[in-house]
Amino acid sequence: MSKANLKLHVAFEFEVDAPETLLEHDHVTLCRKLSDMLGPLVLQGMPKVTATQLAKSGAALVGHHCRLDAQNLSCPPIDRAAVIAAAPHLTDEEIDTLARQLTGKTPNDPAQMQRLLRRKALALVNEYRLVPCLAEGQLNSGGTFTDIELDATLNLTNGNVMIGESHRQTHLRQGVGTVTLVAADVRITGNCEGHTLSGPVINVSIDDIAKSRDALIQLWQAGN
């Protein structure tokens with residue numbers, strides 16, 4: 001078989017008036033049913049016709065790829081801000097993917113919708129997404145408190161602030177608002193909730209991460 005030395009891309013976008021029974025399906029099922037409807041006449045016919053036409057000029061078709069997708073226009077799109085509020089650790093592409101997967105399948109109650117978005121987002125991406133930061137707190141030395149900054153990383157996925165090994169024995173004052181200074185000139189209020197063998201337990205709320213999501217996700221992407 002000859003080797004390809006040219007890539008040809010031909011795309012069509014069809015606007016369809018579909019029956020309600022077809023629109024009731026989720027995205028995956030909808031695409032599968034459309035693929036079955038088009039069948040070999042379209043999905044295999046296009047390559048055959050293309051190969052025949054190219055052959056007239058001495059060109060040979062040595063391979064082809066097919067991508068089928070569909071967007072249900074009858075369902076209102078999920079608000080991007082709602083996805084960010086529930087899962088600020090997602091990239092722009094992942095936000096679009098999640099919104100597309102859940103279009104037409106979200107509850108009307110805002111609280112239930114946020115819980116669903118959060119659960120589905122973590123099912124989609126649950127890895128640690130860390131950005132460098134400084135954790136500002138108060139050092140607890142026998143009842144005497146002094147300000148201190150600790151090198152740390154903020155996990156955008158769950159809001160946990162991970163302290164470096166050199167500060168694992170550092171005890172911070174609990175209940176005092178600890179501020180996380182992130183390298184992208186973002187300051188986020190956090191809270192020291194105690195101390196374990198891994199060091200101080202500091203957490204930042206997902207709501208606060210969402211408020212600075214764009215800067216934080218750009219910082220994470222720059223390092224990955």
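Student: What should I keep in mind about the model, and how many salt bridges does a search of the whole structure find?

Tutor: Because the model is predicted, local features need pLDDT of at least 70 and side-chain atom pairs count only at pLDDT 80 or more, while totals for chains, interfaces and linings use all residues. Residues are numbered from 1 along each chain as its sequence is written, and side-chain values use heavy atoms, leaving out hydrogens and water. In general, side chains of opposite charge can pair when their charged atoms come close. A salt bridge here is a side-chain nitrogen of Lys or Arg within 4 Å of a carboxyl oxygen of Asp or Glu, and the search of the whole structure finds eight.

Student: Which residue forms a salt bridge with Arg-129, and is Arg-129 buried or exposed?

Tutor: The partner is Glu-94, with the closest N and O atoms 2.8 Å apart. Arg-129 is buried at 3% relative accessible area, where buried means under 20%, exposed over 50% and partly exposed in between (1.4 Å probe, protein chains only); Glu-94, at 18%, also counts as buried.

Student: Where does Asp-208 lie relative to Lys-211?

Tutor: Both lie in helix H7 (residues 206–211), three residues apart, about one turn of the helix; helices (H or I, at least four residues) are DSSP runs numbered from the N terminus.

Definitions and conventions: Helix = DSSP H or I, 4+ residues; strand = E, 2+ residues; numbered from the N terminus.
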